[in-house]
Amino acid sequence: MTLWNKADIHVHTRYSDGHSSVAQVLEYADHIGLHVIAITDHDTIAGALEARRMARGFDVEVIVGEEVSTADGHLLVLFLERALPPGQPAPKTIAAAHEQGAICIVAHPFDWLVSSFGAHLLRYCGGDNPAWPVDGVEVFNASLPLPGMNARAASVAAMLGLPACGGSDAHHFSTVGLGYTLFPGTTADDLRQAIIHGDVQAGGRSWAAGHYAAVASLRARRGLARAARAVTRPVRATGR
Ligand SMILES: [Zn+2]
Ligand SMILES: [Zn+2]
């Protein structure tokens, strides 16, 4: 019998807007027994590449990922070797990802607070011959403030026959693993095969109030530090 395991496919670090270092994320994942995680910073794979190098010291396998800000909404791209540029139409990003053997998961499709696909664009992703051939949909995102956002994603993904994935959208190490994708097997490659064959399930629990408060206060502190640096820095002329 094949054992099922959990993978968190949606984790941010300080390389984008996360508040934890790569080492803190890896240490925590190892601590909670999560053996496969994808580092998916916004529009960069620098943190994911560092995590992959560092992972040798931990019992954690790292998938190099990127949450790409496409012109149509956020798209999680996993198993990348080269970063993909933001701002492109989603079909172009999906094609470029597949060209390098990566897979694409639509992130938080019904989060209307950030750029997301929504029902209209998800329709292009489903069916027998989809115009936007994604590999799955994030139907459980632990950071979403309203439970209806995940429920709607789950029902639309099921209707369209798209694999259902889950992730924490961690911006602090303490939320890593709260959302997860269940897959048969143990390795990142097992996860990849499971997503491609639609043999995955999403699960988890949402961030607690304390998690939102911690991230908000870290964000505010970071904003104040940035403002202080801007005040002390001499004004420089910028080109248009
Ligand atoms: Zn996002
Ligand atoms: Zn995210």
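Two strands count as paired here if DSSP finds at least two bridges between them. By that criterion this predicted model contains an open sheet of nine strands in the order S7-S6-S5-S4-S3-S2-S1-S8-S9, with mixed pairing. Its edge strands are S7 (164-167) and S9 (201-204), each of which pairs on one side only. On average, neighbouring strands of the sheet are turned by 35° against each other, direction ignored. In general, strands of a sheet pair through backbone hydrogen bonds, in either a parallel or an antiparallel arrangement.

The protein chain as a whole has seven helices and nine strands. Along the principal axes, its C-alpha atoms fill a box of roughly 60 × 40 × 35 Å. The radius of gyration of the chain is 18 Å, which agrees with the value near 18 Å that a compact globule of 240 residues would have. Of the 240 residues, 48% count as buried. Contacts between residues at least 6 apart in sequence include 66% that join residues at least 24 apart.

S4 runs from residue 73 to residue 78, and six of its six residues are buried. On one side S4 pairs with S3 (61-70) in the antiparallel sense, over six bridges. S3 and S4 form a hairpin with two residues between them. S4 is also joined to S5 by four bridges, and this pair too runs antiparallel.

Apart from its neighbours within four places in sequence, valine 77 is in contact with Gly65, Glu66, Val68, Leu84, Ala97, Ala102 and Cys104. Valine 77 also belongs to the largest nonpolar core, which has 64 residues; Ile37, Val77 and Ile105 touch the most other members. The largest share of this core, five residues, comes from H1. As a general matter, nonpolar side chains in soluble globular proteins tend to be buried together.

H3 lies across S3, S4 and S5 (103-106), and runs at about 5° to S4. Helix H5 (residues 147-160) packs on the sheet and touches S6 (136-141) and S7, its direction making about 155° with that of S6.

In H2, Gly47, Ala48 and Ala51 are buried. Seen down the axis of H2, its buried residues fall within an arc of 100°, so they line one face of the helix. The elements that cover these buried residues include helix H1 (22-31), S2 and S3.

At the other end of the sheet order, S8 (residues 179-184) and S9 pair in the antiparallel sense over four bridges. Within this pairing, threonine 181 has alanine 202 in S9 as its bridge partner.

Alanine 107 lies in the loop between S5 and helix H4 (118-122). Is alanine 107 buried or exposed? With 29 C-beta neighbours inside 10 Å, against a cut-off of 20 or more, alanine 107 counts as buried. Leaving out residues up to four places away in sequence, alanine 107 touches His10, Glu67, His74, Leu75, Leu76 and Glu138. Alanine 107 and valine 139 are 32 residues apart in sequence, while their C-alpha atoms are 8.2 Å apart in space.

The other two positions have positive phi values. Phenylalanine 79 is placed in the loop between S4 and helix H3 (90-99). The phi of phenylalanine 79 is near 70°, again positive in a residue other than glycine. With 18 other C-beta atoms within 10 Å, phenylalanine 79 is partly exposed.

Terms used: Residues numbered from 1 in each chain as written. Chains lettered and ligands numbered in written order. Predicted model: local features only at pLDDT ≥ 70, side-chain atom pairs only at ≥ 80, totals over all residues. Buried ≥ 20, exposed ≤ 12 C-beta atoms within 10 Å, placed from the backbone. Arc of directions from axis to C-beta. Contact = placed C-beta atoms within 7 Å. Rg over C-alpha atoms; globule rule 2.2 N^0.38 Å. Core = buried A, V, L, I, M, F, W, Y, C linked by C-beta atoms within 7 Å. Axes fitted to C-alpha atoms, helices over the stretch in contact; angles between N-to-C directions.
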